[in-house]
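Hi,

Here is the structure I promised to pass on.

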Amino acid sequence: MSVRFEMLARDGAARRGRLTTAHGEIDTPVFMPVGTSGTVKAMTPEGVAATGTQIVLGNTYHLMLRPGAERIAALGGLHRFMNWPYAILTDSGGFQVMSLAARRTIAEAGVTFRSHLDGSLYELTPERSIAIQHLLGADITMALDECTPYPSPHQAVESSMELSMRWAERSRRAFVDRPGRGIFGIVQGGVHPDLRLRSAARLIDIGFDGYAVGGLAIGEGQGTTFAVLDATVPALPEDRPRYLMGVGKPADLVGAVLCGIDMFDCVLPTRSGRTAQAFTRRGVVNLRNARHADDPAPLDPECPCPACTGYSRAYLHHLSRAGEILGSMLLTAHNLRYYADLMAAMRSAIEAVSFTEFAAAFEGAA
Ligand SMILES: [Zn+2]
């Protein structure tokens, strides 16, 4: 038995579900904080769990370069290494090889590249990506894909998507089935509905435990992202989780849930926490702004996070101006709590069959 996905409620295309993995249950729709190098930056694992987070994402690219997948496996796997007892999804490394590595060469076999850390040479094939994710002990493994840049001509997107589908097949074959662990395929095809549908059909043919939509939110604009989702999501199996990769802003999450997406990841809440940007029910607050210097009020009086219950805007402003590490810690904790609460509110609205109203009110308030 790999991962199990139960559908608990529906409201239009929006779904409220539960995913069961070897490291616990995940209520969907869910947001997964990004734990790039075996840590959600500026957070302890206890702090991450306290935000309501049930699953984090680990980056294959970073971990294969440093400290190395074999070393993590010898030390008991990624869960033990980073002291995170709950679920972990690992990406395939493909996206970051394309965006960070130097001198990369893409061939049928896979991609060769030089590390951005020390210039040493690596090869990432579908088989090696799956082996690394196995060594890390991922609950959810992602197939290796090629991330097509935007914009690209239809023909370039098509041949890139076809390569990703051949890699998906090899990834699926290389994956070792274990209880509570699953592998997701990734739909590619840029902004072209015909290619997206062909990609989805190929992946369903191969058969995956879940289906991701990749290659979006890379500059095409929110309207186009939603149009691609509207064209793609109905072609995905009803009984499997759907994951929109690398998205996004709060309004993007609400809109994508409306399209039937169940899972998300993005560096936005953690990265913003380190640059003094806080997400609140009244929009984004920049705590570096001088208007907070004398403000004794909390960041968000309704938020139960440590930053909002213990400190003033004036103090958070001071920490960020002084470059104090505590500022990054508190605002990251707040932002992850905001995202977790937003997902919980969406789940409740779907259960109450009032998600359309929720989404309209959210858009009105943003
Ligand atoms: Zn807060």
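**Notes on the model**

Glu70 is partly exposed, with a relative accessible area of 43%. Before going further, keep in mind that this is a predicted model. Glu70 sits in helix α3, which covers residues 69-74. Leaving out residues up to four places away in sequence, Glu70 touches Arg128 and Leu135. With Arg128 there is also a polar contact, side chain to side chain, at 3.1 Å. For a sense of scale, the C-alpha atoms of Glu70 and Ala156 are separated by 36 Å, and these two residues are 86 residues apart along the chain.

Next, helix α6, which spans residues 126-136. Its buried residues are Pro126, Ser129, Ile130, Ile132, Gln133 and Leu136. Viewed down the axis of α6, these buried residues fall within an arc of 155 degrees, so they line one face of the helix. After α6 comes Gly137, with a positive phi near 90 degrees.

What does the side chain of Thr90 make a polar contact with? The partner is the side chain of Gln133, at 2.8 Å, and Gln133 is one of the buried residues of α6. Thr90 itself lies in strand β7 (residues 87-90). Its relative accessible area is 0%, so Thr90 counts as buried. Not counting residues up to four places away in sequence, Thr90 touches Gly58, Thr60, Gln133, Leu136, Ala138, Ile140, Thr141 and Met142.

Then there is the zinc ion. Its protein donors are Cys303 (SG), Cys305 (SG), Cys308 (SG) and His334 (ND1), lying 2.1 to 2.3 Å from the ion. The spacing of the donor residues in sequence is C-x1-C-x2-C-x25-H.

Why is the arrangement around the zinc ion tetrahedral? The four donor atoms subtend angles of 98 to 114 degrees, and four donors count as tetrahedral if all angles lie between 85 and 135 degrees.

As for burial at this site, Cys303 has 4% relative accessibility and so counts as buried. His334 is at 0%, so it counts as buried too.

Cheers

Key:
Residues are numbered from 1 along each chain as its sequence is written. This is a predicted model: local features need pLDDT of at least 70, side-chain atom pairs count only at pLDDT 80 or more; totals for chains, interfaces and linings use all residues. Side-chain values use heavy atoms; hydrogens and water are left out. Donors are N, O and S atoms within 2.8 Å of the metal (3.2 Å for Na, K and Ca); water is not among the atoms, so sites may look incomplete. Four donors count as tetrahedral if all angles lie between 85 and 135 degrees; four count as square planar and six as octahedral if opposite donors are over 155 degrees apart and all others between 65 and 115; anything else is irregular. Buried means under 20% relative accessible area, exposed over 50%, partly exposed in between (1.4 Å probe, protein chains only). Helices (H or I, at least four residues) and strands (E, at least two) are DSSP runs, numbered from the N terminus. The arc is that of the directions from the helix axis to the C-beta atoms. Contact means heavy atoms within 4.5 Å. A polar contact is a pair of N or O atoms within 3.5 Å; within protein, one must be able to donate a hydrogen and the other to accept it, and residues adjacent in sequence count only if both atoms are side-chain atoms.
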